Amino acid sequence: MRYLRTLSTRSLAVLVVAVLALVVGGAAIAVAAGRGNSPTPPPKPLAEALHDSLAAPDIPGLTARIRFTNHLFPSGSLVGANLSTLLSGASGRLWLTNDGRGRLELQSDAGDAQIMWNDGEVTVYDASANTVYKLKLPSSSSPATDKGPAPSVAEINDFLTKLGEQADVSAARPTDVGGRPAYSVKISPKHDGGLLGYAELAWDAAHSVPLRIGIYAQGSSRPVLQLAATNVSYGSVPSADVTITPPPGVKTVDLGAPSGGKPEAPATKPDFDVVAPDSLVGLPRKDMRAIGNGGELIVYGQDLGAIVVVEHKAQSGTQGNSILSALPTVALDGLTGHELATQLGTAIQWTRNGVSYVLVGSLPPAAAESAARALK
């Protein structure tokens, strides 16, 4: 997927949010806020609760009011950045057909955005940028309507046992979400999860429809990212409701097509001195490999607590035109770097002796800065 390395900040944000929306919509998500007054379902073991919802008849379609909340970026972390609806959070509506097509419409003070998907393509119209982004999806050997049989309780239990080796999975908790009887479950990393606390999922007890998804940082009681909807309604959805017609004159950006399993061209050996000590701030070097465009990727530590460093030869004028140059600066032992601090991790970019460095990890800014200073 070489095209990911060439995307601008806005394009990358669009891609991330579009994929999130696709996963959410493709799974028939209708996230609901708050507790309703509907009766809760009977207590069940997690595997049985999952099986019964997956084995339920397909829904003909879905509509809902929806709110996308984004607390990923703390105040001040994007000073000078050109925010869009996709980064600032928004409210809107969701439409989903029973053959895998969907549309998410979002409005906010930063502008409007629409995300449409089908089994072959994701289209994002960002009105604040007057731009349409398109991303081709890998082809599927089976139609979107071919759901197949639900996994058995034994198969789900086997999956949960394997998942339990890497994560703590709670029991299914009967609840009601947005007026629908539901079960909820929390999943948290068993080993080093970096700044990630846990993910919470609730789903409709009567349908294979998740009803709440939230991602939480360590020590936080409010979600970092969440989709929340009310007024969920099941029924057929006209094709016109899952179609985007952008106005004339918009800019179109092709985010590239997935490789479909084709091997990428071999990476070239870097033509600069790679900085890769055996350990970094106490984390052992676990991986080191050449990547496209003559760069090098180094991984320290493992799991979600790992630190990833990407090095490549800096181009003339890179520092002033860097996609991170609008972000807050940070002093790195006589050098000036640019830092993006979020609730779930930190990224720092700097240039030294003609080499550009990007360090990313699920760790707080102070720890990331210490790692950057130690990379010599």
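The crossing of helices H2 and H4 is right-handed in this predicted model. Two packed helices are described by the angle between their axes and the distance between the axes. For H2 (residues 46-54) and H4 (residues 153-163), the angle is about 125° and the axes lie 9 Å apart. The arrangement is therefore oblique, as this value falls in neither the roughly perpendicular range of 65 to 115 degrees nor the roughly antiparallel range over 145. On the H2 side, the contact is formed by Leu46, Ala47, Glu48, Leu50, His51 and Leu54, which meet Val153, Ile156, Asn157 and Leu160 of H4. By class, 7 of the residues in this contact are nonpolar, 2 are polar and 1 is charged.

A further helix, H6, spans residues 365-374, and its buried residues are Ala368, Glu369, Ala371 and Ala372. Viewed down the helix axis, the buried residues of H6 fall within an arc of 160°, so they line one face of the helix. The cover over these buried residues includes strands S14 (279-280), S17 (307-313), S18 (329-332), S19 (335-341), S20 (346-352) and S21 (355-361).

Asparagine 353 has a positive phi of about 55°, although it is not a glycine. At a relative accessibility of 75%, asparagine 353 counts as exposed, because the cut-off for that class is over 50%. A positive phi, of about 60°, is also found at aspartate 303, again a residue that is not a glycine. Aspartate 303 is placed in the loop between strand S16 (295-300) and S17. With 41% relative accessibility, aspartate 303 counts as partly exposed.

Valine 253 belongs to strand S13 (residues 251-254). Its relative accessible area is 19%, and valine 253 is therefore buried, the limit for this class being under 20%. The C-alpha atom of valine 253 is separated by 7.2 Å from that of threonine 131, although the two residues are 122 residues apart along the chain.

Over the whole protein, the secondary structure comes to 6 helices and 21 strands. Of the 376 residues, 42% are buried. Among contacts between residues at least 6 apart in sequence, 57% join residues at least 24 apart.

Technical notes:
Residues are numbered from 1 along each chain as its sequence is written. This is a predicted model: local features need pLDDT of at least 70, side-chain atom pairs count only at pLDDT 80 or more; totals for chains, interfaces and linings use all residues. Side-chain values use heavy atoms; hydrogens and water are left out. Axes are lines fitted to C-alpha atoms, for helices over the stretch in contact, and angles run from 0 to 180 degrees between N-to-C directions. Helices (H or I, at least four residues) and strands (E, at least two) are DSSP runs, numbered from the N terminus. Angles under 35 degrees count as roughly parallel, over 145 as roughly antiparallel, 65 to 115 as roughly perpendicular and the rest as oblique. A crossing is left-handed if the near helix is turned anticlockwise from the far one by less than a right angle, and right-handed if clockwise. Contact means heavy atoms within 4.5 Å. Ala, Val, Leu, Ile, Met, Phe, Trp, Tyr, Cys and Pro count as nonpolar, Asp, Glu, Lys and Arg as charged, and the others, Gly among them, as polar. Buried means under 20% relative accessible area, exposed over 50%, partly exposed in between (1.4 Å probe, protein chains only). The arc is that of the directions from the helix axis to the C-beta atoms.
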